[in-house]
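Please consult the sequence and the coordinates alongside each answer.

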Amino acid sequence: MSREKQRNKELSFANAEGRLSLFLDNRTPKELLLAIAALGVKPIMLPLYRLLPKPVSAHPDMLLYDLGGKLLVYQDYYTENEKLFVGMPVVVTNYSAENRYPGDIGMDALSVGKFLFCLPQYTCPEILAGRTVVPVKQGYAACSALKVSEDAIVTSDSSIALAAEKKGIAVLRIRPGFIELPGYDYGFIGGTAFCLGDTLYFAGDLSMHPDGDAIADFCKNRGVTAKSLLVGKKLMDLGFLKYNEKAM
């Protein structure tokens, strides 16, 4: 098997292998689902969680957290949707979510390199354990910043940008807005894309964002290719989460 075919196989997201999974809000537009399917990806669609604000109640980055081989899930959400997680090593948390800020940010911590950026007093304790925690004012840390690599992020949030820069992380600051999230004035860059291999796939057309070229160049300079999944469509915040189960 050629290296390219082997790589494609590794990125196939076959649930039976339990290695890689892409979670999506079950309200994701059909045209985007088709674009993702063309990559050979079969996402796991998440239903709404009654304890979170409705616009983000099925956003994976608000519902789940990759602990590095194990998937952290709210206890009652897991009980209600256990069939979605068959074959995955799961850790359930008793931390309770609420439908208003900051009670809704339990899972919304940003992991970059050895650092964890979050509002620690409202973050699930399982996420904090054993991590180098960097407190920030922005509770929606994972939503507000797009991780390009383990030492580079894109964000419009000044508190995250300043904290990351102090830790030696490269930061591209962009303008807020220009991202669709029905129910809110706008969405955040962290929920607009997911990475497969060395390619970052965007939900929408990156060129329609006023800082799209800068984002693409920032990615390129770090060996990452930025690709748009849809042409002529504004970026959408869908709260993507790619979960990686490590081999035992």
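Predicted model: local features only at pLDDT ≥ 70, side-chain atom pairs only at ≥ 80, totals over all residues.

Q: How many aromatic pairs does the structure hold?
A: Two rings count as a pair if their centres lie within 6.5 Å. By that criterion, the number of aromatic pairs in the structure is ten.

Q: What is the geometry of the aromatic pair of Phe23 and Phe85?
A: The ring centres of Phe23 and Phe85 are 6.3 Å apart, with 40° between the planes. Planes under 30 degrees apart would count as stacked and those over 60 as edge-to-face. The pair of Phe23 and Phe85 is therefore classed by the remaining category, namely tilted.

Q: How many residues apart are Phe23 and Phe85?
A: Phe23 belongs to strand S1 (residues 20–25), while Phe85 lies in the loop between helix H4 (75–80) and strand S5 (90–93). The pair thus links distant parts of the chain, and the separation is 62 residues.

Q: Is Tyr49 buried or exposed?
A: Tyr49 lies in the loop between strand S2 (44–46) and helix H3 (60–63). Tyr49 forms an edge-to-face pair with Tyr77, at 5.1 Å centre to centre and 70° between the planes. Because the relative accessibility of Tyr49 is 1% and the limit is under 20%, Tyr49 counts as buried.

Q: Over the ring of which residue does the charged end of Arg222 sit?
A: The charged end of Arg222 is 4.0 Å from the centre of the ring concerned. That ring belongs to Phe218.

Note on methods
Residues numbered from 1 in each chain as written. Heavy atoms only, no water. Phe/Tyr/Trp six-rings, centres within 6.5 Å; stacked < 30°, edge-to-face > 60°. Helix = DSSP H or I, 4+ residues; strand = E, 2+ residues; numbered from the N terminus. Buried < 20%, exposed > 50% of the residue type's maximum accessible area, 1.4 Å probe, protein only. Lys NZ or Arg CZ within 6 Å of the ring centre and 35° of its normal.
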